[in-house]
Structure formats: structure tokens, C-alpha cells
Amino acid sequence: MNVIYNFSAGPAMIPQDVLCKAQKELKNWNNLGCSIMEISHRTQEFYEVIKEAEKDLRDLLNISDNYTILLCQGGARGQFSAIPMNLIRNFSGADYINSGYWSNSAFLESKKYCTSKSILIRKIKNNQTYLLKPSQWNISDISAYIHYCPNETIDGLSLYEEPSFHKKIVIGDFSSFILSRPIDIEQYGLIYASAQKNIGPSGITIIIIRKDLIGYASKLCPSVFNYNIIYKYNSMFNTPPTFAWYLSGLVFKWLKKQGGIKKIAQLNKEKSDLLYQVIDNSDFYINNINKKNRSQMNVVFHLFNPELDKIFLEESKKNGLYALKGHLVVGGIRASIYNAMPLEGVKKLVKFMLFFEQKYG
Ligand SMILES: *Cc1c(COP(=O)(O)O)cnc(C)c1O
């Protein structure tokens, strides 16, 4: 079988080692004679799986006991509603840092529950898009929390400075950022991520929340989204997506084996540098984002002649490079290179880009 490299933005690549292990034990997991999908989430065996997954995630991200990890369904978009319902408390509004498609979507959803304020931090100078630093954000004196998104998956924009506001609760949508580089959890009240970008299969959403923020859900908050209920039931108030949970656990083990998050972060930088170098060395490929705010996870660019987009996508696919089409709202090309994308995959894309430029440039 020819090796293919999958640049999909999500659901995205899962490490080969993880898929092979899951395949090997698919029909006979843990010598039970059946699949892990077929056993109750309340068995001792499954309990061991989640205990282990939680421990590994805590190790990887250095999560202290002040925080608890909740697992939820409904994706990151579910959290766009759950967050205001759980954390608005007796405040009237919250601050939403607006840097692109996803943070704006979170803002729009929150308006159903509170009078949120959108703080636009995306700017253009000398034809380059950049993001205002946290110290430049015009936040409110009084607000329940500050919500932001460190990696805009669709726009290819990242914010690498971690926001630190005295006595303010900072919330981050880390869906395409989590586990890609070290972070200081203590700066946040809550971070959340749907799994299908940088963790595992879709269906599971990870919420890392400071314990003192639990217990303030509004009366109308659905029980499946109520952090206090999820916490009390160890994320098993309703039946969890057990297979997604198990597979995520395998990914955490794989990450540890790769040397942990610091090591992964170096590799992620190396991978994205390779692509941005090709883009910057040519007039054929264009990315107008300031170097400080370029995403290492989602490298977006367009061709100087948009009519070539289609040919680029067709030919790259023939060369075993899949899913490079940019999101509908921005067009162009997007190479999502999460943790599971090996360096060889990026090198192959680089080679293809140089070849394509020679042919059509
Ligand atoms: C993909 C994504 C979402 C949406 O996730 P769902 O699981 O589909 O709800 C939200 N925010 C960011 C940053 C994303 O990348």
C-alpha cells in the first residue's frame, strides 16, 4: 500500500502506532474475548482505562490537583453554550476575544445566555494580519470571564502569549492547540478541546477546569452540560463515548513515548518552519500572516493564481497528499499538521510544493 499523508483539519490523522494497537486488540480487548466497545462503562476494566488516560493527560500537561478533568459530548460547540450556562453566575456578561472564525462563533453562541462583549484583536498592518497581545486587550472591568481561542483552526492564526489577568477567569478553546506545546494551566480557569483535531476520534470533549469554578450552573443548564453533575458522576452521568475515550488514552501513551510535550513542540515547530520557508521563499505561495501569529498546526496559504487551486488539490491527492483544501470560508489551501503528522509527511508536501511551483510558476 502506498503511504498517504492526511492533512485533514479534523477529524484528523491518528498516529499509525495507535491505530495498529487498536486494530490488534479490536476483537479481543484485554483478553476479555470481546471488544472494548462492547463492555459497560461501569466495569472495573473500563475504569482502569479512564484512570490511566487521566493520569497520562495530567502528566503530559502538568495539571495540578486544583483542576479536574471532565469529559463531555457535544463537541467544542457544545461548550460554546455550556460555558456561559455554567460560569456566568450573577454577572451580566463576559468578554469574548475575537480573533477569527471559532472565537467569533463562541461569541455569537454566548449571546443567547448573556450580554457578551466582542473584543476584536485581529488587525492588519502593511498587508499583514496580526493579533493584539493580551496586554493590549481592551477587557471590561466587570465580566464573568474572558474567553479566547489560541489557535484559529480555519484562519491559521495563533496567539502564543498566554493571557494572564489578575483575578480574571481566562477560558480557552484549545481544540486545535491542546498538547501541541507546553502550557501553564494555572493561568486558566478552564480550557476545553474537542478531540478530533489533536487527540483522537471525534465524539469526546475534554474540559480542564479549576475546581472552585464548579457548582454555579444556571437552573436551565441541561444536566449533561452541568459541570457539577459531570464532576459528581466522574464524567459518566450519561453513557460516555467509550471507544473515543479508550483511543484518546492510547494517544496520550503515544505522546509520552515520543518524549512528551516539549519534544513534540520542537517537532511541531520544525514541521511548520519547513512549510513557511517554502511559502516565504516564493511569490507563488502566499501567506499574509505576521510571523508571530502563524499557526504551527494549520498552515494556510493560497496560490498567487487562484485558478491553480483546483489543480494543486488534484495533483497533490494523486501524490498521496490528502485533504489540503482550505475551509470554505477562507478558500485556498490548508495543511493541518497536528502531532500525528510525521516529519516525512511535511517533507513530502514541501517537495510537492516546489515541484508544483516549477511546473506552473
Ligand atoms: C473544530 C473546532 C471547533 C468545533 O468543534 P466541534 O467538535 O465540531 O464542535 C471549535 N473550536 C475550534 C478552535 C475548532 O478547531
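The legends below describe close-up views of a predicted model.

Residues are numbered from 1 along each chain as its sequence is written, and side-chain values use heavy atoms, with hydrogens and water left out. In this predicted model, local features need pLDDT of at least 70 and side-chain atom pairs count only at pLDDT 80 or more, while totals for chains, interfaces and linings use all residues.

**View 1**
The peptide bond from G10 to P11 is cis, with omega near -10°. P11 sits in the loop between β1 (5–6) and α1 (16–24); helices (H or I, at least four residues) and strands (E, at least two) are DSSP runs numbered from the N terminus. S8 belongs to the loop between β1 and α1. S8 is buried at a relative accessible area of 16%, where buried means under 20%, exposed over 50% and partly exposed in between (1.4 Å probe, protein chains only). The side chain of S8 reaches the backbone nitrogen of G10 at 3.4 Å. A polar atom of the S8 side chain also lies 2.7 Å from the backbone oxygen of P11. A polar contact is a pair of N or O atoms within 3.5 Å; within protein, one must be able to donate a hydrogen and the other to accept it, and residues adjacent in sequence count only if both atoms are side-chain atoms.

Of the 14 residues around the ligand, R77, T153, D173, Q196 and K197 come nearest; a residue is near a molecule or strand if one of its heavy atoms lies within 4 Å of it. Helix α3 (residues 75–87) gives the largest share of this shell, four residues. By class, the shell has four nonpolar, seven polar and three charged residues. Here Ala, Val, Leu, Ile, Met, Phe, Trp, Tyr, Cys and Pro count as nonpolar, Asp, Glu, Lys and Arg as charged, and the others, Gly among them, as polar.

A backbone N or O atom of A76 lies 3.1 Å from an oxygen atom of the ligand. For R77, a backbone N or O atom is 2.8 Å from an oxygen atom of the ligand. The ligand on its own has 390 Å² of accessible area, and the protein covers 87% of it. Accessible areas come from the Shrake-Rupley method with a 1.4 Å probe; for residues, only the protein chains shown count as cover.

**View 4**
Strands β5 and β6 run antiparallel and are joined by four bridges; two strands pair if DSSP finds at least two bridges between them. K125 stands opposite Q128 in β6. The hairpin has two residues between its strands, and N126 in the turn has a positive phi of about 50°. N126 is not a glycine, and it lies in the loop between β5 (122–125) and β6 (128–131). N126 is exposed, with a relative accessible area of 71%.

N234 has a positive phi of about 50° although it is not a glycine. This residue is found in the loop between α5 (227–232) and α6 (242–257). N234 counts as exposed, at 58% relative accessibility.

**View 1. L255 in helix α6.**
L255 is placed in helix α6 and counts as buried, with 0% relative accessibility. The C-alpha atoms of L255 and L60 are separated by 8.0 Å, although these residues are 195 residues apart along the chain.

**View 2. The sheet of β13, β14 and β16.**
Three strands form an open sheet in the order β13-β14-β16, with antiparallel pairing. The edge strands, β13 (285–286) and β16 (333–336), each pair on one side only. Strand β14 (residues 298–303) pairs with β16 over four bridges in the antiparallel sense. R334 in β16 is the bridge partner of V300.

**View 3. Cysteines.**
The count of disulfides is zero, a disulfide being a pair of cysteine sulfur atoms within 2.5 Å. C114 is in no disulfide, and the nearest cysteine sulfur, that of C221, is 13 Å away. C114 is buried, with a relative accessible area of 8%, whereas C34 is partly exposed at 22%.
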